[in-house]
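Here is a friendly briefing to read alongside the model. Please keep the sequence and the 3D view open as you go.

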Amino acid sequence: MQSGLSKLVALAAGLLVTTAIGCGTPTPRPAGRPQVLATATIVADLVRAVAGDAADVACLMGPGIDPHSYKPTPADADRLARADLVVASGLHLEGRLAALLERLGGRRPVLLVGDGLPRERLLPVADGFFDPHVWFDAGQWSLCPTQLAE
């Protein structure tokens, strides 16, 4: 597990350097640990379990918020744009936030943990769509920390 944490820190540091070099004026960042913003509480719990003290983890949506119908505010867009890494469940769980995450992906690293799972292990719910609630299947959810650590 320590190797995974080291990879997460190295990835975040490398992305920061790449971003600073690729932009005219780098966005000011607090010194220290990478700032990771998770979309939903279940995702934030996963990130905290993997990152431990190697990253500062915040959650965009509070407890009890339905990620399917969550509508991001301008303040949310700002928080997402300032994060070193954004981690979302993916598989269309975040619904209305998906378009913002897609646009953000060109400027900041965005990891959709559910999207990296083997399709043959997912539960289809419609043509090309899968049940995004992968944490209800311990076998599926157990694959997500590895994706995050890589």
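## A buried loop residue and its surroundings

L91 is buried, with a relative accessible area of 7%; buried stands for under 20% relative accessible area, exposed for over 50%, and partly exposed for what falls in between, using a 1.4 Å probe and protein chains only. The model is a predicted one, in which local features need pLDDT of at least 70 and side-chain atom pairs count only at pLDDT 80 or more, while totals for chains, interfaces and linings use all residues. Residues are numbered from 1 along each chain as its sequence is written, and side-chain values use heavy atoms, with hydrogens and water left out.

**The loop between β3 and α4**

- L91 is found in the loop between β3 and α4 (98–104); helices (H or I, at least four residues) and strands (E, at least two) are DSSP runs, numbered from the N terminus.
- The backbone of L91 has a positive phi of about 55°, although L91 is not a glycine.
- H92 lies in the loop between β3 and α4 too, and its phi is near 70°, again a positive value in a residue other than glycine.
- Is H92 buried or exposed? At 51% relative accessibility, H92 counts as exposed.

**The nonpolar cores**

- Which members of the largest nonpolar core touch the most other members? Of its 24 residues, they are V36, L46, V47 and V87.
- A nonpolar core here is a set of buried Ala, Val, Leu, Ile, Met, Phe, Trp, Tyr and Cys residues joined through side-chain atoms within 4.5 Å.
- Two or more residues of this core come from each of β1 (35–38), α2, β2 (56–59), β3 (85–88) and α6 (144–149).
- Helix α2 gives the most to this core, with six residues.
- A second, separate core of twelve residues includes L60, M61, L80 and L97.
- As background, nonpolar side chains in soluble globular proteins tend to be buried together.

- L46 sits in helix α2 (residues 41–51) and is buried, with a relative accessible area of 6%.
- Leaving aside neighbours within four places in sequence, L46 is in contact with V113, W141, C144, P145 and L148, where contact means heavy atoms within 4.5 Å.
- L46 and V87 are 41 residues apart in sequence, and their C-alpha atoms are 9.6 Å apart in space.
- V47 touches V36, G52, V57, V87 and L148, not counting residues up to four places away in sequence.

**Aromatic pairs**

- How many aromatic pairs does a search of the whole structure find? The search finds two.
- Rings of Phe, Tyr and Trp (its six-membered ring) pair if their centres lie within 6.5 Å; planes under 30 degrees apart count as stacked, over 60 as edge-to-face and the rest as tilted.
- W135 and F136 form a tilted pair, 5.8 Å centre to centre with 45° between the planes.
- W135 and W141 form an edge-to-face pair, 6.0 Å centre to centre with 75° between the planes.

**Salt bridges**

- The structure holds three salt bridges, each being a side-chain nitrogen of Lys or Arg within 4 Å of a carboxyl oxygen of Asp or Glu.
- The side chains of D56 and R33 meet in one of them, at 2.2 Å from N to O.
- D56 lies in strand β2 and R33 in the loop between α1 (2–22) and β1, so this pair ties together parts that are 23 residues apart in sequence.
- D56 is partly exposed, with a relative accessible area of 26%, and R33 is partly exposed, with 37%.
- R48 and D45 form a salt bridge at 3.8 Å, N to O; both lie in helix α2, three residues apart, about one turn of the helix.
- R48 is partly exposed at a relative accessible area of 39%, and D45 is partly exposed at 47%.
- D78 and R82 form a salt bridge at 2.9 Å, N to O; both lie in helix α3 (residues 74–82), four residues apart, about one turn of the helix.
- D78 counts as partly exposed at 40% relative accessibility, and R82 is partly exposed with a relative accessible area of 45%.
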